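Take a walk through this model, from single residues out to the whole chain. Keep the sequence and the coordinates side by side.

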Amino acid sequence: PTDLESPAIREVMDGEKNFIEKALEKKAYEIVCKFTPHAINNCILHKRDRSGGHPIDLGDYDVLALYCAKNVVINIECKDNLPPFCLKDATRLRRKIFGDGKGYEGHFKYINRRKDYLLANVKKVADGLRWPVDSKNLPRIVTIYLTRNTYWWTRFPPYDTGATFLKISQLSNFIERL
């Protein structure tokens, strides 16, 4: 284990992490587009649908899609996490993804906020994005936490998140089986 908090090292690592996450988003978007034309990457709702009244602090949906054939809205969050090399690193990764139980909520703070917003406003979001959604048969929401690699905590989450953890190589098969 090592502490890489030097500003110069942190800047290089964050730049590479952002590059990889953008590449994951792009690849996930390409895969989803094979199944549906109703897909958007880097979707910031309050910018795409200015009259929709969507919260400004909601953040972006890395990939958001309506898969009409299965009546599913697919919400994909793309993350690149540094691999753990020891137990201490694995504990840090768990804390980063799921929070620490003492106020810090990790990645799922924002993922759950966006998922909950979709659940409560799926028709409004679909209308704003001009997606064909039947108000009598609303689509279910599937949230995916997408990474390059799986780790202990993405295989065995410490609690039920309501999200499916996948590697990018598994995404196409997962969508086929929906």
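Arg114 sits in helix H4, residues 108-128. Helices here are DSSP runs of H or I with at least four residues, strands are runs of E with at least two, and both are numbered from the N terminus. Arg114 has a relative accessible area of 6%, so the residue is buried. The cut-offs are these: buried is under 20% relative accessible area, exposed is over 50%, and partly exposed is in between, with a 1.4 Å probe and protein chains only.

This is a predicted model, where local features need pLDDT of at least 70, side-chain atom pairs count only at pLDDT 80 or more, and totals for chains, interfaces and linings use all residues. Residues are numbered from 1 along each chain as its sequence is written, and side-chain values use heavy atoms, with hydrogens and water left out.

What is Arg114 in contact with, leaving aside its neighbours within four places in sequence? The partners are Leu58, Gly59, Asp60, Tyr61 and Glu77. Contact means heavy atoms within 4.5 Å. Asn75 is 39 residues from Arg114 along the chain, and their C-alpha atoms are separated by 8.8 Å.

Now turn to Asn71. Asn71 is placed in the loop between strand E2 (61-67) and strand E3 (72-78). Its phi is near 55 degrees, a positive value in a residue other than glycine. Most residues other than glycine have a negative phi. Asn71 is partly exposed, at a relative accessible area of 23%.

Asn42 also has a positive phi, near 50 degrees, and is not a glycine. Asn42, however, belongs to strand E1, residues 39-43. Its relative accessible area is 36%, so Asn42 is partly exposed.

Next comes Thr154, in helix H5, residues 152-155. Is Thr154 buried or exposed? Thr154 counts as buried, because its relative accessibility is 6%. Its side chain reaches the backbone nitrogen of Tyr151 at 2.7 Å. That is a polar contact: a pair of N or O atoms within 3.5 Å, where within protein one must be able to donate a hydrogen and the other to accept it, and residues adjacent in sequence count only if both atoms are side-chain atoms. Beyond its neighbours within four places in sequence, Thr154 is in contact with Ile97, Tyr145 and Phe165.

Look back towards helix H1, residues 7-33, which holds Ala23. Ala23 counts as partly exposed, at 39% relative accessibility. Ala23 and Phe174 are 151 residues apart in sequence, and 20 Å apart in space, C-alpha to C-alpha.

Step back to the whole chain. The protein has six helices and five strands. Along the sequence they follow the pattern α-β-α-β-β-α-α-β-α-β-α. The radius of gyration is 17 Å, close to the 16 Å that the globule rule gives for 178 residues, so the protein is as compact as a globular protein of that length. That radius is taken over C-alpha atoms, and the rule is 2.2 Å times the number of residues to the power 0.38. Along the principal axes, the C-alpha atoms fill a box of roughly 55 × 35 × 30 Å.

Buried residues make up 43% of the 178. Of the contacts between residues at least 6 apart in sequence, 63% join residues at least 24 apart. The protein exposes about 10,100 Å², and carbon and sulfur atoms supply 52% of it. Those areas come from the Shrake-Rupley method with a 1.4 Å probe; for residues, only the protein chains shown count as cover.
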